[in-house]
Amino acid sequence: MAKKPAQGENKAKSKATKTEASGEKRPAAKAAKAAKKSDAPKPKAPSQRAPALGKSPRTDRVAVVAGLRTPFAKQWTAYKEVTALDLGRLVVRELLDRTELDPREVEQVVYGQVVPSVSAPNIAREIVLGAGLPKNIEAYSVSRACATSYQSAVNVAQAIGAGVIDCGIAGGADSSSDVPITISDKLNKALIGASKARTPMARFQAFRNLRPKDLLPVPPAPTEPSTGLTMGQSAEKMAKENGISREAQDDFAHRSHTLAAKAWAEGKLDDEVMTVFVPGRYQTSIRRDNVVREKSERESYARLKPCFDRKHGTITAATSSPLTDGASALLMMREDKADALGYEPLGFIRSYAFAAVDPGWQMLQAPPYAAPVALKRAGLTLADMELVDMHEAFAAQVLSNLQAIESDKFGREQLGLSGKLGEVDRDKLNVLGGSISMGHPFAATGARQITQTLRELKRRGGQFALCTACAAGGMGVAMVLEVAR
Amino acid sequence: MNDTKEQALKIERRGEVAILWMDVPGKPVNTLSSDFSQQFAEVFDKLEADAEVRAIVFASAKKTGFIVGADLELVHAARTEEEAATLSRDGQVAMDRLEAFPKPVVAAIDGPCLGGGLELALACAARVASDSKATKLGLPEVQLGLLPGAGGTQRLPRLIGVQAALDMMLTGRQLNAKKAKKVGLVDEIVPAAILIDVALEHARKLAARVPEHRAGFLDKLTDKHALTEMALTKNPVGRKVLFDQARSQLLAKSRGNYPSPEAILRVVRIGLEKGMKAGLAAESEEFGRLVMSPEAAQLMGIFFATTAMKKDSGVDDPKVKARPIEKVGVLGGGLMGAGVAFVTATRAKMHVRLKDKDDAGVLHGLGHVRAELDKGVKRKRLTRQDADRLMLDVTGTTDYSGLKNAEVVIEAVFEDLELKRRMVRDVEAAAGPEVIFASNTSSLPITAIAEASAHPETVIGMHYFSPVEKMPLLEIITTDKTADWVTATCVALGKKQGKTVIVVRDGVGFYTTRILAPLMNEAAYLLSEGVPIERIDGSMVDFGFPVGPIKLTDEVGIDVGAKVGKVLVAAFGDRLSPPNGMERLVADGRSGRKNGRGFYRYDGEKGVDKSVYGVLGVKPTNTSVSDHEIAWRCTLAMVNEACRCLGEGILRSPRDGDIGAIFGLGFPPFRGGPFRLADSVGPAEILNRLEAYEERFGARFSPAPMLRKLAESDGKFHREPSQGR
């Protein structure tokens with residue numbers, strides 16, 4: 001494997017002193033590091049069709065060494081003047097600072113963004129160039145709607161698993177405050193036509209068919225290109241078809257806020273959420289998610305009117321995840337690499353699976369299809385899970401997902417099992433709250449779930465956890481996480 | 001040196017054009033040395049004789065730039081005005097030859113093109129410059145108390161106009177390629193990679209006499225700049241206005257202390273009124289006079305001193321090397337901390353972790369860095385992209401996270417010994433065992449701070465001056481225990497931050513604070529004697545200080561001054577005690593500029609706040625003290641204390657003492673610093689004056705033992721004289 005030339009002798013010296021320096025780092029670090037430096041052939045990772053099927057050799061596990069996110073802020077609040085790229089750079093920079101990692105160890109950055117950026121289409125590379133990372137680190141961006149940072153984490157995991165890299169950064173950032181406002185198709189065509197025109201007359205001709213309304217800016221469309229429905233309308237459809245009551249949804253949202261507020265109050269999130277000193281004028285800082293209701297009251301949920309189907313609907317703003325700005329990042333390494341550098345990982349990615357359904361059916365119902373595959377790849381069952389963390393796009397979606405997972409009929413007919421996939425113990429479900437209460441910057445949510453779940457798993461002394469997320473386009477992801485025991 | 005003769009200029013043929021490569025052997029940069037004129041003549045004889053050569057490109061073969069100027073050692077070594085004037089005339093002859101050369105010569109400029117280098121380029125038929133960031137064109141002679149002596153005063157105004165030329169010559173300002181193109185100093189700017197090719201093309205065209213479009217009279221009429229220029233220079237009245245205005249402006253600034261700007265004006269004017277020949281004659285004559293002036297001698301001395309200091313590791317053992325630094329922790333987001341963060345991130349290009357006790361402190365620090373970067377963007381020194389990237393090199397925190405891999409942590413917290421000791425313990429708990437703890441205190445003893453450390457050899461003082469972005473000095477303070485590698489590492493860091501660094505030994509007030517105190521005290525004594533504040537400050541500004549001591553007290557903060565004063569009195573006794581009554585100002589709630597109440601008014605009105613006399617109980621009616629006495633009493637109080645610092649081993653050398661006073665405290669540069677001043681007046685004479693003052697004013701003027709010893713042995717502080725005589 002070609003190592004970056006920058007990693008020359010100049011660093012070697014200070015590195016040696018450093019390793020002795022930090023008390024918390026393991027003594028094994030130095031020897032392993034030295035071995036690496038001497039260009040000893042690296043043990044080749046066994047090629048695997050599916051990642052980490054069954055029990056893999058322990059040193060080859062994909063470790064999540066550290067995870068960090070910005071506080072999530074409701075659209076047009078704290079990060080009003082901050083772009084997704086700014087947020088991504090801040091969180092990656094801070095992750096490097098806090099982990100005290102030599103940035104030259106990072107070999108790849110995979111980062112995601114859902115709301116497209118016109119000025120910086122490859123956000124991952126811009127993060128490398130702007131966050132104090134050596135410029136020779138390659139980087140690419142991914143987009144898988146609300147499962148984007150699962151995707152970036154999986155990509156880094158695959159690269160590590162395939163022996164391509166030892167260390168990478170994954171994550172995602174989104175700003176709903178910085179959305180590209182576009183021009184109408186007709187104006188677009190006219191402008192391009194005019195720029196191609198060779199005569200003043202032709203230039204004039206290009207604008208001939210424009211009507212005043214064509215000059216208006218076009219707000220970003222929240223609808224699915226395939227179905228023409230908004231996310232909310234799709235969720236509303238699921239609520240109706242699955243018979244999810246308004247009351248159950250309100251209960252769930254109230255629960256989400258209550259648990260998130262409790263988690264913050266107990267300081268459980270302090271170490272995984274950085275303080276953001278809001279760039280620009282540096283007038284304010286933000287320490288916590290500003291979506292969470294400090295004192296959630298059940299009655300207040302009932303007062304709200306449905307927002308997607310005003311007449312017959314059950315979904316309200318309070319039972320939906322809000323438009324949010326934020327960023328998250330994961331530092332990932334092969335287990336022996338983390339060991340060599342003296343890090344104790346948060347935990348490991350044991351397995352994962354993506355699935356997709358016809359978005360015209362129940363668009364957010366893919367997680368129940370992904371979960372059994374991930375569990376099978378992990379060689380585990382739902383009952384083995386100490387925690388289950390589901391992305392909360394809508395309360396109705398979580399409840400629909402759970403309904404499917406716990407349905408014998410669904411298990412038999414859709415998953416080809418003998419019965420239901422299993423029961424999800426509600427005491428183990430989204431125990432620190434979720435996207436409804438913390439907010440949902442699309443591309444940042446997955447990495448938030450991974451970090452939050454691994455840390456909670458560790459706190460509880462558990463070993464395995466299942467994370468899931470639904471995503472636009474009828475997609476879903478499930479990931480099995482484990483901590484060392 | 002002799003065998004270098006053939007090698008400094010090399011001819012390379014490219015068809016009908018010859019490239020004349022300049023590469024002074026054994027030197028990192030090209031300078032015009034003593035044998036240059038002769039070599040130059042030989043090479044051009046050869047080029048003139050070679051019929052196949054039709055044009056010439058003059059370029060540097062060094063990566064470090066075009067030509068950075070004349071060899072200053074050579075100028076400095078001149079013994080008489082005539083000798084110096086001859087140097088100038090030799091240069092003029094070479095440039096005249098270049099200008100009149102029958103084949104066109106094109107200068108290809110990449111990197112610095114300064115002083116004699118630019119004068120050479122000016123004598124060429126055309127100039128092509130690279131667009132690289134390193135390309136700078138300027139005539140910095142004025143900063144050394146000189147003037148451009150190889151035809152620059154004549155050719156520059158003729159090429160770019162009197163106004164632009166005077167601006168360049170009187171300020172020493174260096175233009176980047178873009179600006180140089182704009183004012184017409186260079187004909188074209190191109191990427192460095194094709195510089196030679198484009199210069200060759202230019203040379204070929206000129207050789208083929210492709211007629212260039214020359215601006216005619218009518219074109220000039222439509223050009224606003226040309227019109228102003230014409231009005232100002234082509235008619236005697238306009239010319240008088242221009243020169244009178246320039247002269248009064250520079251006198252207001254120099255207070256007549258610096259002869260070279262006036263000489264430049266004079267020489268340029270003669271050239272415009274009486275022609276090139278008369279101008280050149282005046283130029284070499286004035287050059288000779290200036291080289292021999294005490295002002296230029298001191299300014300050149302400072303240049304040599306700072307050049308030597310760039311190579312000084314700060315420790316005497318040559319085996320000690322600075323350790324590499326990639327990350328610097330800064331404690332405290334106030335003005336000092338933020339300033340240190342700024343210079344560390346933007347100049348030293350290191351990652352900075354800025355810690356403050358609360359979010360507001362971090363925000364202030366980051367906001368300050370951002371504001372400074374935005375200034376750079378506005379003034380086009382930085383691109384927006386660079387500014388954004390540099391901004392990310394400063395991260396904020398309210399805990400000690402992210403400091404483990406910092407090599408140096410610089411604290412800039414409140415001046416409180418216990419607080420600073422706690423910082424030492426906290427940093428050592430959070431960071432690696434070899435982390436350097438540097439305190440940016442201006443008065444607390446570093447030894448006392450180091451007592452809190454588990455490894456005091458890594459504790460050091462880094463005393464920056466406010467505003468850190470602008471003030472050039474860094475005073476590094478070592479204790480008896482500070483390890484040499486720690487000192488060397490911090491000196492290297494300071495240089496990377498763009499600072500001139502002096503290393504002093506720990507002692508109360510170190511060097512700069514300690515020598516400033518008696519000067520400010522003496523101003524206070526004068527005030528208590530009833531000398532009006534305007535006269536005290538005015539005399540000191542006339543003497544050459546950038547601000548008067550009373551005004552400076554307002555700037556520093558009267559309360560801060562009082563606090564530091566107490567520390568100094570506790571250590572050194574009454575010698576450093578201010579006159580009675582000064583404490584009433586603090587009691588009156590006067591802190592200086594920061595709270596809008598001090599010696600001067602800050603309510604939008606200018607001038608002294610007359611109510612201050614009432615508070616002090618003095619009547620500002622004393623007219624018996626002369627300006628001369630005011631300036632010398634204050635200055636000698638400082639010089640005497642500086643002598644004590646040298647005698648006590650606080651200073652490593654008189655050089656450091658001079659540079660520290662000039663760059664840190666604004667000591668008049670043309671006087672060379674406290675020790676150069678003492679040398680030029682003569683230590684015995686300084687002793688006499690101090691003894692006279694001691695008799696009149698008491699023990700505070702008691703001469704330093706070192707000064708007495710030196711005066712008795714008829715010695716000097718500096719072994720080498722600043723003047724080349």
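In which sense do strand 1 and strand 2 of chain B pair, and over how many bridges?

Mentor: This is a predicted model, in which local features need pLDDT of at least 70, side-chain atom pairs count only at pLDDT 80 or more, and totals for chains, interfaces and linings use all residues. Residues are numbered from 1 along each chain as its sequence is written, while chains are lettered from A and ligands numbered from 1 in the order in which they are written.

Strand 1 (residues 9-14) and strand 2 (residues 17-22) of chain B pair in the antiparallel sense over six bridges. Strands here are DSSP runs of E with at least two residues, and helices are runs of H or I with at least four, numbered from the N terminus; two strands pair if DSSP finds at least two bridges between them. B:Lys10 has B:Trp21 in strand 2 of chain B as its bridge partner. The hairpin of these strands has two residues between them, and B:Gly15 takes a positive phi near 65° there.

Chain B also touches chain A: 23 residues of chain B are in contact with 21 residues of chain A. Contact requires C-beta atoms, placed from the backbone, within 7 Å. Elements giving two or more residues to this side of chain B are strand 11 (351-355), helix 16 (359-378), helix 17 (384-391) and strand 12 (394-397). Helix 16 of chain B gives the most, with six residues.

As for chain A, its secondary structure comes to 16 helices and 14 strands.

Conventions. Contact = placed C-beta atoms within 7 Å.
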